[in-house]
Amino acid sequence: MTMMRMATERQGGTADEAGMAGTTGMGRMPVGAALLAGPVLMAGYGVARLVGRAVGDYGPGAWWSVAHLLFLAGVLAFVPVFLGLRRLAGERGGGRVAGEVAAWTGLLGAAAVVVQAVIDLTAGFVSADKEAMSEMFDRVQGVPGVMPLVYTVVPMLFWLGLLALVTLLAFLRRDLVRAWTPILVLAGTVAMAVSLDLLPVGALCLAVALLPVRRGLSG
């Protein structure tokens with residue numbers, strides 16, 4: 001994730017663009033705030049999940065609901081990030097096209113993850129116990145197309161789009177996006193894919209990776 005605007009030679013226009021990037025987003029959440037909120041909320045999801053499992057009360061129950069509400073909020077926080085940062089690739093040419101493709105790929109993945117989180121929350125609310133919740137998941141996931149669209153293939157586009165966007169901006173905005181930003185984003189993504197127990201670690205990688213971007217947007 002990365003970045004502010006074009007080059008120093010356009011500083012007059014850059015200030016205007018930075019204002020746009022800093023305020024673009026769903027619910028008018030500033031991009032800078034979303035860059036912080038997204039990883040923090042995802043880390044909260046990971047911590048709530050670990051605590052719930054440790055006390056033997058994870059799914060269904062309070063810890064399940066809290067964890068998935070945090071996860072849902074974290075994914076939604078990345079919507080203004082994608083919408084705002086896509087502008088930083090430039091207003092025309094190949095950079096703009098690549099930025100749009102990366103951003104909308106991530107947003108498509110985010111939509112799938114939101115649906116997944118809503119299903120998980122609903123299952124937690126209506127199920128009396130783990131067996132009932134498992135049966136509900138089996139019914140939902142047994143519907144043709146649900147697994148790839150909501151759980152396996154399309155959700156990965158969220159991470160692919162995020163990684164593609166920060167990699168693109170690392171090349172186009174080297175003054176704002178560090179070369180190691182995509183590496184940390186990839187590391188965080190891999191950590192979360194390896195084990196959900198590593199969610200806090202993966203979220204920390206994202207937070208560290210995006211910190212310079214947030215500073216650049218507010219600078």
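1. Pro-80. This proline is found in helix α3. Pro-80 is buried, at a relative accessible area of 1%. Across from Pro-80 comes Ala-33: the two are 47 residues apart in sequence, yet their C-alpha atoms are 9.5 Å apart in space. The model is a predicted one, and every value in this note should be read with that in mind.

2. α3 is mostly covered, with 17 of its 24 residues buried. Its length holds up. The end C-alpha atoms of α3 are 35 Å apart, and this agrees with the 34 Å that its 24 residues should span at 1.5 Å a residue.

3. Pro-80, in contrast, is buried at 1%.

4. α2 against α3. Helix α2 covers residues 31-54 and helix α3 covers residues 62-85. They pack at an angle of about 160 degrees, and their axes are 7 Å apart. That makes α2 roughly antiparallel to α3, since angles over 145 degrees count as such. The crossing of the two is left-handed. By class, 22 nonpolar, six polar and one charged residues make up the contact of α2 with α3.

5. Length of α2. α2 has 24 residues. From its first C-alpha to its last it reaches 35 Å. That is close to the 34 Å expected at 1.5 Å a residue.

6. Gly-38. Which residues does Gly-38 touch, leaving aside its neighbours within four places in sequence? They are Gly-74, Ala-77 and Phe-78. Gly-38 itself is found in helix α2. It counts as buried because its relative accessibility is 0%. Ala-73 is another residue to look at here: it is 35 residues from Gly-38 in sequence, and the two are 7.6 Å apart in space, C-alpha to C-alpha.

7. Two backbone details deserve a check. Most residues other than glycine have a negative phi, and most peptide bonds are trans. Just after α2, Gly-56 takes a positive phi of about 70 degrees. Further on, the peptide bond from Gly-59 to Pro-60 is cis, and its omega is near -15 degrees. Pro-60 is found in the loop between α2 and α3.

8. α3 against α7. How do α3 and α7 cross? The axes of α3 and helix α7, residues 156-172, come within 12 Å and cross at roughly 35 degrees. The crossing is left-handed. On the α3 side are Val-75, Phe-78, Phe-82 and Leu-85. They meet Phe-158, Gly-161, Leu-162, Leu-165 and Leu-169 in α7. By class, the contact of α3 with α7 has eight nonpolar residues, one polar and no charged ones.

9. α4 against α5. Helix α4 runs over residues 93-126 and helix α5 over residues 130-141. Their axes come within 9 Å and cross at roughly 140 degrees. α4 and α5 are therefore oblique to each other. α4 passes α5 in a right-handed crossing. From α4, the contact draws on Ile-119, Asp-120, Thr-122, Ala-123, Gly-124 and Val-126. From α5, it draws on Met-133, Met-136, Phe-137 and Val-140. By class, the contact of α4 with α5 has seven nonpolar, two polar and one charged residues.

10. The whole chain. What are the elements of the protein, from the N terminus on? The order is α-α-α-α-α-α-α-α-α. In counts, the protein has nine helices and zero strands. Of its 219 residues, 47% count as buried. Among contacts with a separation of 6 or more, 70% come from residues 24 or more positions apart.

Key. Residues numbered from 1 in each chain as written. Predicted model: local features only at pLDDT ≥ 70, side-chain atom pairs only at ≥ 80, totals over all residues. Heavy atoms only, no water. Axes fitted to C-alpha atoms, helices over the stretch in contact; angles between N-to-C directions. Helix = DSSP H or I, 4+ residues; strand = E, 2+ residues; numbered from the N terminus. Parallel < 35°, antiparallel > 145°, perpendicular 65-115°, else oblique. Left-handed = near helix turned anticlockwise from the far one by under 90°. Nonpolar A, V, L, I, M, F, W, Y, C, P; charged D, E, K, R; others polar. Expected span 1.5 Å × (residues − 1). Buried < 20%, exposed > 50% of the residue type's maximum accessible area, 1.4 Å probe, protein only. Contact = heavy atoms within 4.5 Å.
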